[in-house]
Amino acid sequence: MVEWIESVDQRTQLVGQNRLELLLFRLSGKQLYGINVFKVREVIMCPQIRKVASGHGALVGLAPIRDQTQVIVDIGHAMGMEPMSMDERKYVIITEYNGSMQGFLVSDVERIVNLNWENVLPPPDTAGCDNYLTAITHDNNRLVEIVDVEKVLVEITPAGPEYNYDGESVSDEYNDVKIMIVDDSIVARKQVKQVVESIGGTTELFTTGREALDHLKALVAEGKRPSDEYMMIISDIEMPEMDGYTFTTEVRSNPAMDDTYIILHTSLSGVFNKAMVEKVEANHFISKFDPEILVEAVKNRIAQVDTAE
């Protein structure tokens, strides 16, 4: 299965085309789940797992993988399902999120599918706010649920202290610090909102690139420039309907909004990030989630605006 993970160079061709590749897998039943291939390092047969004492039952234990000890997570159990039985053959998907590595225990891995983000939709409202999905799509008329892995990881790992900014409020330095936040993960939106507001800024939240772009176009139709309304936009990359790369490309292609300052903020990791930011002409890239770096980015933008004025 390792051979499924092709080179990064090939996958970067999807950037700006509003496309993604999902690795499809199953947990304890027939339901298909998906994870962005960019976050997958490899897929292996489940190795010997050494159980450890932990505060959450979904933390199965530790396993030696390629000269490193990796945390193995029963992602289905973390989402409220019964713990996965180890009596049968299992697989581990090794992933990288927010700069850390972990293995997700799954019952089966099917294949990789190439999709258009327009065919990836937010979960229905009936799913409620407590669900573990960021999006849904279909493959050959089969429902595929895309898991909010960031929410899972936040819930199963010990939470750090809430971020408290101890510097001067940015509102004291600049009169109107309004920031648009675009992210399909409820956890990520909450994290960024809390950081921005802790330093005196105000926020407006959107869940997809399409939703955010439509809002910017509505401002333009009213005769407004988005750059006058928002000091910056902090956008995720992986989002249903329209990803952050395509969102940025669309903004840059419109003369009425092409000066909007955009930071791409994502759990995607890898050496391709700098090249992708340059390709879509984003102003900056920040890996999730470091509140100090976010604060620094906001303050740097304020300084840049002050200098320009």
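T203 is found in strand β12, where strands (E, at least two residues) and helices (H or I, at least four residues) are DSSP runs numbered from the N terminus. The model is predicted: local features need pLDDT of at least 70, side-chain atom pairs count only at pLDDT 80 or more, and totals for chains, interfaces and linings use all residues. Residues are numbered from 1 along each chain as its sequence is written, and side-chain values use heavy atoms, with hydrogens and water left out.

**Surroundings of T203**

- T203 counts as buried because its relative accessibility is 18%; buried means under 20% relative accessible area, exposed over 50%, and partly exposed in between (1.4 Å probe, protein chains only).
- Apart from its neighbours within four places in sequence, T203 is in contact with I179, I181, K193, V196 and E197, contact meaning heavy atoms within 4.5 Å.
- The side chains of T203 and E197 make a polar contact at 3.0 Å.
- A polar contact is a pair of N or O atoms within 3.5 Å; within protein, one must be able to donate a hydrogen and the other to accept it, and residues adjacent in sequence count only if both atoms are side-chain atoms.

**The parallel sheet**

- Five strands form an open sheet in the order β12-β11-β13-β14-β15, with parallel pairing; two strands pair if DSSP finds at least two bridges between them.
- The edges are β12 (202-206) and β15 (284-287), each of which has a single partner strand, so one side of each is left without a neighbour in the sheet.
- Neighbouring strands of this sheet are turned by 20° against each other on average, direction ignored; axes are lines fitted to C-alpha atoms, for helices over the stretch in contact, and angles run from 0 to 180 degrees between N-to-C directions.
- Strand β14 (residues 262-266) pairs with β15 in the parallel sense over 4 bridges, and the bridge partner of H265 in β15 is I286.

**Helices on the parallel sheet**

- Helix α5 (residues 186-198) packs on this sheet and touches β11 (178-182), β12, β13 (232-235) and β14; the direction of α5 makes about 165° with that of β12.
- Helix α8 (residues 244-252) lies across β13 and β14, running at about 175° to β14.

**The mixed sheet**

- An open sheet of 5 strands has mixed pairing and the order β8-β1-β2-β10-β9.
- At its edges stand β8 (108-116) and β9 (133-139), each with a single partner strand, so one side of each is left without a neighbour in the sheet.
- On average, neighbouring strands of this sheet are turned by 35° against each other, direction ignored.
- Strand β1 (residues 19-26) and β8 run antiparallel and are joined by 7 bridges; L23 stands opposite I112 in β8.
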